[in-house]
Amino acid sequence: MAERSWIADALQEVSTLTCVKFVNRTTETDYVYVERGQSCWSYFGKIGGRQAVGLVKNGCMDKGAIQHEMNHALGFIHEQARSDRDKFVKIMWEHIMTGEQGNFGKVNSKNLGLPYDYSSVMHYGAYDFSRTPGKPTIVPVPNPSVPIGQREGLSNLDVAKINRLYKCNCCSSVLAKTKGSFFSVNYPSPYPNNSNCLWLIRIRRNKIFLQFEAFDLQSSPDCSSDYIKVYGGNSKNSPVLLDKYCGQGPLPSIVASGSTMLVEFASDETVTATGFKASYNRVSCGGTFTDSRGVITSPNYPNKYPKNRACFWVISSPVGYKVKNGFFH
C-alpha cells in the first residue's frame, strides 16, 4: 500500500539522521502499532506493550505529520507547550474551539538545553483549532509573520533533540532553506579524525543543484579512508549520485532527481587535509546521469517547453572514461 511506503519514508529520515532505528516487529513485547485512526494521535513516550499511533489517510500522511506523531511516541511534546513558550508565542485563547483548550497547555519541561524552534514538526500551525476562520490561535512574538506548523519533515533542531535525548553520537544536519552552504567541521582548518557526518538537503517541490566550492580530502586507494558520497534521497539506500570521492578538487556539480539529497562525509584516524565547502540551490528541472548511455530532453518535449525555466544536467563518467555524444568512451 502507498501508506506503508509513506510511513517507511518518514521513519527512514529519522533513522538516517539519528541513532533511533525502526525495525519491523517480530516477537518484541513492547512495540508501536500504526493504525488507521479517526484522528492523528499518539501517546506521549513509551507506555509498554502494543502501543498505538493513529494516522488518517487524508489527514496526516505528510512526511512531517507522520514524524510528528512518532516523535510523540519517542517522548517529545508539542513545541508550543514548552516551559519557555511565552517568550516566543502568544496563545490566543479567545479564538480556540470550545473543548480544545487542553491542546494549548504548557508543560514544566527542561527543553534539553536547546532553543525554541518555530520550524519544528512538533509546532502547531497558526490557525490550528481556531473556531473562527482567519483568526489565529498562536501568534509568534515579537514577529507575528514567522512561519509555524510546517510538516515537510524534521527540522535541524528536531534532529538535535532526538540525538540529545537518546544520547546519540551523531553528526547530522538538515538544510531546509531554498539555498545555502555547508562545510566540514573546522573548515578551513583540518577536519577531525574518525568523523562521519551527514547533511540532508530538502527543498520543497524543487530539485537540488549542489556544487563544491573548495575540496581537499586525504587521498587513499578507492577513497576508502576519507571521502564524500552523495545520494539522491534521504538515506544511504538511495541511488548514488556521486560515489566515494577524495583528494583535491574540483568536484563535478550534481543535480538531484528529486527534492532531497543526502551528503555523507567520513574520515579515518589520520587527517592531513582541510576538508570542503559546498553550496546548494534549487532548480526546476535537470538531473545527474551516471549510466553509460542515456537521453536528455527539454521539459515537455516534443511539445513546447515552458517559459522561465533554468535546467541543469550533469553527465558524470567513470574514472578513465570520457563523455562523447552522450556515451562513455
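Helices (H or I, at least four residues) and strands (E, at least two) are DSSP runs, numbered from the N terminus. On this basis the protein holds three helices and 19 strands. The model is predicted, and local features need pLDDT of at least 70, side-chain atom pairs count only at pLDDT 80 or more, and totals for chains, interfaces and linings use all residues. Residues are numbered from 1 along each chain as its sequence is written, and side-chain values use heavy atoms, with hydrogens and water left out.

The C-alpha trace of the protein spans about 70 × 55 × 50 Å along its principal axes. Of its 329 residues, 44% count as buried (under 20% relative accessible area, with exposed over 50% and partly exposed in between; 1.4 Å probe, protein chains only). The accessible surface, computed by the Shrake-Rupley method with a 1.4 Å probe, comes to about 18,100 Å², of which 50% belongs to carbon and sulfur atoms. With contact taken as heavy atoms within 4.5 Å, 72% of contacts between residues at least 6 apart in sequence join residues at least 24 apart.

An open sheet is formed by five strands in the order β6-β8-β14-β10-β11, with mixed pairing; two strands pair if DSSP finds at least two bridges between them. Strands β6 (171-175) and β11 (240-245) lie at the edges, each pairing on one side only. Neighbouring strands of the sheet are turned by 15 degrees against each other on average, direction ignored. Helix α1 (residues 2-17) packs on this sheet and touches β6, β8 (196-202) and β14 (260-266). The direction of α1 makes about 150 degrees with that of β8, where axes are lines fitted to C-alpha atoms, for helices over the stretch in contact, and angles run from 0 to 180 degrees between N-to-C directions. Strand β10 (residues 227-231) pairs with β11 in the antiparallel sense over three bridges, and Val230 stands opposite Leu242 in β11.

Strand β3 (residues 50-55) has two pairing partners described here, β1 and β2. Strand β1 (residues 31-36) runs parallel to β3 and is joined to it by six bridges, with Gln51 in β3 as the bridge partner of Val32. Strand β2 (residues 41-42) pairs with β3 in the antiparallel sense over two bridges, and Ser42 stands opposite Val53. Because five of the six residues of β3 are buried, this strand is largely enclosed by the rest of the structure.
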